[in-house]
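Q: I would like to learn how to read some local features of a protein model. Could we go through them one at a time?

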Amino acid sequence: MSDYLDFLQEVNYFLSEGNKYYNFKNFTNNNNGKLFIVGLSGSGKTTLGKELAIKFKAEYIQLDDIDRSFRNEISKRLEKPKWDKRVNTLVLDKMKTFIQDRMKEKGRQILEGIHITFQDNKFFKDKAVIIIETSLLISTIRAYNRDIEKYYKKRGVATRTVLLKTLLINQKEIIKKLKEFEKVMEGK
């Protein structure tokens, strides 16, 4: 099985169109540059973000962690489930403020996460952005392998099939958001 997964990783380059870079020099030529990285779950955002943070001596921020923190705080305060519609709205508002505050800070920063595409896409039009183009198949396998133990242990009732189905549904929603985001970045 692992040989097969390694093979799929290699094939990824043939299945994907390649990463898209927008305004990258805004990040590399500016000591206070900000870089946003988006892509599917399991696309390699974290790996790329950490490598670029080392190369450019930038602070690395994983927006998944920020989202989790906001979600926990707001759901407790409102006494609502973490995925409640009102909680989602407040988390998105708080994330928008967080990102705008980061833009004002000194020093290079790399912010990575799908949460970017749930913001006002026009805000990012002139920002340094990398959209990681990994195939649905490859990214889903990576995300599934990364998350299966974590979720399977927490939710012993969830079967691997249910987990994979949920992941695929989420990935397809993310693809739609990424396509909308890409159109804005390309001025369409």
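Q: Which residue does D67 meet in a salt bridge?
A: Side chains of opposite charge can pair when their charged atoms come close. In this predicted model, the side chain of D67 meets that of R71 in a salt bridge, with 3.3 Å from N to O.

Q: Is D67 buried or exposed, and is R71 buried or exposed?
A: The cut-off for buried is a relative accessible area under 20%. D67 has a value of 9% and is therefore buried. R71, with a relative accessible area of 6%, is buried as well.

Q: What is the salt-bridge partner of K94?
A: K94 forms a salt bridge with E73, and their closest N and O atoms are 2.6 Å apart. Because K94 lies in helix 5 (residues 85-104) and E73 in helix 4, the pair ties together parts that are 21 residues apart in sequence. K94 is partly exposed, with a relative accessible area of 27%, and E73 also counts as partly exposed, at 36% relative accessibility.

Q: How many salt bridges does a search of the whole structure find?
A: The search finds eight salt bridges. One of them joins K127 to D126, with the closest N and O atoms 2.9 Å apart; K127 is buried, at a relative accessible area of 14%. Salt bridges that share partners also join K20, E133 and E182 into one network.

Q: Which backbone oxygen does the side chain of Q119 reach?
A: The side chain of Q119 reaches the backbone oxygen of L92 at 3.3 Å. Apart from neighbours within four places in sequence, the residues in contact with Q119 are L92, M95, K96, I99 and F124.

Q: How does one read the two sides of a helix? Which residues are buried in helix 3?
A: In helix 3 (residues 45-55), the buried residues are K45, L48, G49, L52 and A53. These residues cover an arc of only 135° around the axis, which means that they lie on the same side of helix 3. On the other side of this helix, I54 and K55 are exposed.

Q: What covers the buried residues of helix 3?
A: The cover includes strand 2 (34-39), strand 3 (59-62), strand 4 and strand 5.

Q: Finally, the backbone angles. What is phi of K57?
A: Most residues other than glycine have a negative phi. Phi of K57 is near 50°, a positive value in a residue other than glycine. K57 lies in the loop between helix 3 and strand 3 and counts as exposed, at 75% relative accessibility.

Q: What is phi of E79, and where does E79 lie?
A: Phi of E79 is near 55°, again positive in a residue other than glycine. E79 belongs to the loop between helix 4 and helix 5 and is exposed, with a relative accessible area of 72%.

Technical notes. Residues numbered from 1 in each chain as written. Predicted model: local features only at pLDDT ≥ 70, side-chain atom pairs only at ≥ 80, totals over all residues. Heavy atoms only, no water. Polar contact = N/O pair within 3.5 Å; in protein donor to acceptor, adjacent residues only side chain to side chain. Contact = heavy atoms within 4.5 Å. Salt bridge = Lys/Arg side-chain N within 4 Å of Asp/Glu carboxyl O. Buried < 20%, exposed > 50% of the residue type's maximum accessible area, 1.4 Å probe, protein only. Helix = DSSP H or I, 4+ residues; strand = E, 2+ residues; numbered from the N terminus. Arc of directions from axis to C-beta.
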